[in-house]
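Please look over the sequence and the three-dimensional model before reading on. The paragraphs below go from the overall fold to individual side chains.

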Amino acid sequence: MTTKTGRINVRCSEASLVLLREAAEIQGQDLTSFIMGASLERARAVPAEERVLRLSPAELVQVEEGLDAEAAVNPRLAALVRAVNGAKRLTS
């Protein structure tokens, strides 16, 4: 079991405190457990969100244009596919 030695003091409005207590009660938790659970969940999400690919508006337009564009034949890839298909026919 982890020893709890850290401490956080938080000031909030009376309305916020009422809401937090109500939510904690609905979840069957004491106020500290509820606040810690919610805070830790968000704290884990923040770094994960930062790792997500973020595009500038110009980069987003470029990606959308690429997705909307007609597919172009890549001659080297087409040759490779023909070669593989030809080899399959010879071994079948």
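What follows is an explanation of the fold, the surface and the charged side chains.

This is a predicted model, in which local features need pLDDT of at least 70 and side-chain atom pairs count only at pLDDT 80 or more, whereas totals for chains, interfaces and linings use all residues. Residues are numbered from 1 along each chain as its sequence is written, and side-chain values use heavy atoms, with hydrogens and water left out.

The chain holds four helices and zero strands, in the order α-α-α-α along the sequence; helices (H or I, at least four residues) and strands (E, at least two) are DSSP runs, numbered from the N terminus. Along the principal axes, the C-alpha trace spans about 75 × 40 × 25 Å.

Of the 92 residues, 3% count as buried, where buried means under 20% relative accessible area, exposed over 50%, and partly exposed in between (1.4 Å probe, protein chains only). The accessible surface comes to about 8900 Å², with 58% of it belonging to carbon and sulfur atoms; such areas come from the Shrake-Rupley method with a 1.4 Å probe, and for residues only the protein chains shown count as cover.

On that surface, Val52, Leu53, Leu55, Leu60, Val63 and Leu67 form a nonpolar patch with about 600 Å² of accessible area together; patches of this kind take residues with over 30% relative accessible area and no salt bridge, and join nonpolar side chains (Val, Leu, Ile, Met, Phe, Trp, Tyr) within 5 Å. Val52 lies in the loop between α2 (31-51) and α3 (57-68).

The structure holds one salt bridge, that is, a side-chain nitrogen of Lys or Arg within 4 Å of a carboxyl oxygen of Asp or Glu. Its partners are Arg42 and Glu49, with 3.0 Å from N to O. Arg42 counts as partly exposed at 45% relative accessibility, and Glu49 is likewise partly exposed, at 36%. Side chains of opposite charge can pair when their charged atoms come close.

Glu70, in the loop between α3 and α4 (75-91), is exposed, with a relative accessible area of 76%. The C-alpha atoms of Glu70 and Arg44 are separated by 41 Å, while the two residues are 26 residues apart along the chain.

Methods. Patch = residues over 30% accessible without salt bridge, like charges linked within 9 Å, V, L, I, M, F, W, Y side chains within 5 Å.
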